[in-house]
Amino acid sequence: MIKLKIYLLSLLLVMGCAQSSSDAQTVVRSTAGGAPTNLQGLAVATFAGGCFWSCEETFEELRGVRAAVSGYSGGTVAKPSYEQVGSENTGHAESVQVYYDPKQVSYQTLLDVFFLGAHNPTELNRQGPDVGPQYRSVAFYRTPKEKQEIEATIKRVNASGHYPDPIVTQVVAFRQFWPAEDYHQGFYRLHPDQGYIQHVSEPKVAKFQKAFKDKLKNPL
């Protein structure tokens, strides 16, 4: 189900991640781009937490992160399009691949941001107004140690009572990440006046900024 069909505010200007490429023309303070060409000294992590626009922005603002790329992971179809993923037939989730310097930011900090700042991990197959398995919460692990850290973080957050409901995040072995279409990259900064960004994405990012203000990069 496409977000445009499932989420309507009282104002007609609101749309979801089903933005057409023709709407992404004016470049304003964009982080749009692919993975770093030089990965020396960098580690990679992949998360799915609902619409990738706000999730990408959240990790982009974290000190120690070189780049965050929106895309698709957890499915069975190679090089899926946004429309294919939205059809709910590919098994993919909207995801963000994070390229970070482990000397500046730990994997545990990424997990803390993911579970406490980037999204609500207690919602099953949805994030707020966005409904469907493509919006499910997933923490993809690359090593047994990462899996242990993810599971320990889930246990700790559940025990803390931070959320009234238990975490439903899937803990899944990483297999493949497919970058999303170019017009999705850096969308949060490219379209600050877009309805969905203002009413859904901005509150999520503001929550992260408040909770992790000591972890942010220099002011944008």
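Predicted model: local features only at pLDDT ≥ 70, side-chain atom pairs only at ≥ 80, totals over all residues.

Modeller: Go ahead. Let's start with the charged pairs.

Colleague: How many salt bridges does the count come to?

Modeller: Three salt bridges, by the rule used here.

Colleague: What makes Arg-189 and Glu-57 a salt bridge?

Modeller: Their side chains come to 2.7 Å, N to O. The cut-off is within 4 Å, between a side-chain nitrogen of Lys or Arg and a carboxyl oxygen of Asp or Glu, so the pair qualifies.

Colleague: Which parts does this pair tie together?

Modeller: Arg-189 sits in helix H6 (residues 187–190) and Glu-57 in helix H2 (residues 52–60), so the bridge joins parts that are 132 residues apart in sequence.

Colleague: Is Arg-156 buried, exposed or partly exposed, and why?

Modeller: Partly exposed, because its relative accessibility is 42%, and that class lies between under 20% and over 50%. Asp-112, with a relative accessible area of 18%, is buried.

Colleague: What about Lys-145 and Glu-149: what makes them a salt bridge?

Modeller: Here the N to O value is 3.0 Å, again set against within 4 Å. They are four residues apart in helix H5, so about one helical turn separates them.

Colleague: Why do Lys-145 and Glu-149 get their accessibility labels?

Modeller: Lys-145 has 55% relative accessibility, and exposed means over 50%, so Lys-145 counts as exposed. Glu-149 has 17%, and therefore counts as buried.

Colleague: Where is Gln-134 found, and why is Gln-134 called buried?

Modeller: Gln-134 is in the loop between strand E5 (130–131) and strand E6 (137–141). Its relative accessibility is 2%, so Gln-134 counts as buried. Gln-134 and Thr-90 lie 44 residues apart in sequence and 9.0 Å apart in space, C-alpha to C-alpha.

Colleague: Which residues line the largest cavity?

Modeller: Thr-31, Trp-53, Glu-56, Glu-57, His-184, Gly-186, Phe-187, Tyr-188 and Arg-189. H2 and H6 each supply at least two residues of that lining. By class, the lining has three nonpolar, three polar and three charged residues.

Colleague: And the sheet: in what order do the strands run?

Modeller: Six strands form an open sheet in the order E7-E6-E1-E3-E2-E8, with mixed pairing.

Colleague: Why do strand E7 and strand E8 stand at the edges?

Modeller: Strand E7 (170–173) and strand E8 (177–179) each have a single partner strand, so one side of each is left without a neighbour in the sheet. Neighbouring strands of this sheet are turned by 35° against each other on average, direction ignored.

Colleague: In what sense do E2 and E8 pair?

Modeller: Antiparallel, with strand E2 (residues 65–73) and E8 pairing over three bridges. Gly-71 stands opposite Pro-179 in E8.

Terms used: Residues numbered from 1 in each chain as written. Heavy atoms only, no water. Buried < 20%, exposed > 50% of the residue type's maximum accessible area, 1.4 Å probe, protein only. 1 Å grid on protein atoms, 1.4 Å probe; cavity = no way out; pocket = protein on both sides within 12 Å on 5 of 7 lines; lining within 4 Å. Nonpolar A, V, L, I, M, F, W, Y, C, P; charged D, E, K, R; others polar. Pairing = 2+ DSSP bridges. Axes fitted to C-alpha atoms, helices over the stretch in contact; angles between N-to-C directions.
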